[in-house]
Amino acid sequence: MKRSRKENKLDNELIEAIRALNLSGKAETAMNVLLSDDELQAAQEYANIVSIVRLGFNDHGPVHMRIVAMNGILMLKLLHDAGVKTSLEKDGCGDFEDSLIAVISACMLHDVGMGVGRQDHELHSINLSHFIIDRLVRKVYGSDMQKQVMVRALTVEGITGHMGARAIHSLEAGVVQVADGCDMTKGRARIPIQLGLAQKIGHIHQYSANSIDNVCIKAGQEKPIRVDVYMSNEAGYFQVEEVLLKKIAGSTAKTHIELYAQVRDEEARQYL
């Protein structure tokens, strides 16, 4: 299927980010499977049509899900570099690469349920993702049924927990939750505002996100991950406090994250 220039750019960046980790190749295979899956691409595109045109929400399509995947890769790497073990590593049933595969899979699939509607879209995402996840784990893990089942379950947990409304128990799912919350810049609101859809139910999120210039994820000073949110005006605090902060607060990754928000030249406000 035809991809936008932005999607192609993100595809290349995702592959390069995984290659830079110097793993066995399974994660790169998984990323390629996801990026080349026509059903996934179609589901992402339709989810975006429903989200933007029908409901008036921000971008929930292929670009958003790719950005969330990139955020997930970066955060998992920062945790790994700091010596923090994933839940699969702690449990002794998988390695860092298995955790990474589950995280990128959940990130790439978490919002396809928006094609059905906003309410319970996490659960709809699972139903719509079933065959995609099955193709993925079979391609990556072959006859290793234990790994297939494990990564499938962890992917589903990441999808169900990304809104922060349902309890999660793995670090991997917590990373997905925060990775999603970190995609909150003005680019997500650009299309619905241009289409004049800002008076629908998602309008406060559009205007708030339109105030956010950049979100930077890097190594923290006291914790493995630092998230800096840079805003053009104070409307962005709604997005920080009502979306990102709440997602971090309910995440299993909370204890590993520092959060700062700043309006232009003003002093940064520390939340975590």
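**View 1. Arg 166 is partly exposed, at 28% relative accessible area.** Partly exposed lies between buried (under 20%) and exposed (over 50%; 1.4 Å probe, protein chains only). Asp 120 is also partly exposed, at 33%. The side chains of Arg 166 and Asp 120 form a salt bridge (3.3 Å, N to O); the term covers a side-chain nitrogen of Lys or Arg within 4 Å of a carboxyl oxygen of Asp or Glu. This pair links distant parts of the chain, 46 residues apart: Arg 166 sits in the loop between helix 8 (145–160) and helix 9 (171–181), Asp 120 in the loop between helix 6 (96–109) and helix 7 (121–141). Helices (H or I, at least four residues) and strands (E, at least two) are DSSP runs, numbered from the N terminus. The model is predicted: local features need pLDDT of at least 70, side-chain atom pairs pLDDT 80 or more, while totals for chains, interfaces and linings use all residues. Residues are numbered from 1 along each chain as its sequence is written, and side-chain values use heavy atoms, without hydrogens or water.

**View 2. Glu 13 and Lys 9 meet in a salt bridge (2.5 Å, N to O).** Both lie in helix 1 (residues 5–19), 4 residues apart, about one turn of the helix. Glu 13 is partly exposed at 31%, and Lys 9 at 47%.

**View 3. Lys 246 forms a salt bridge with Glu 242, the closest N and O atoms being 2.9 Å apart.** Both residues belong to helix 12, 4 residues apart, about one turn. Glu 242 is partly exposed, at 37%.

**View 4. Arg 3, Asp 11 and Arg 66 are linked in a salt-bridge network.** The count of salt bridges comes to 20.
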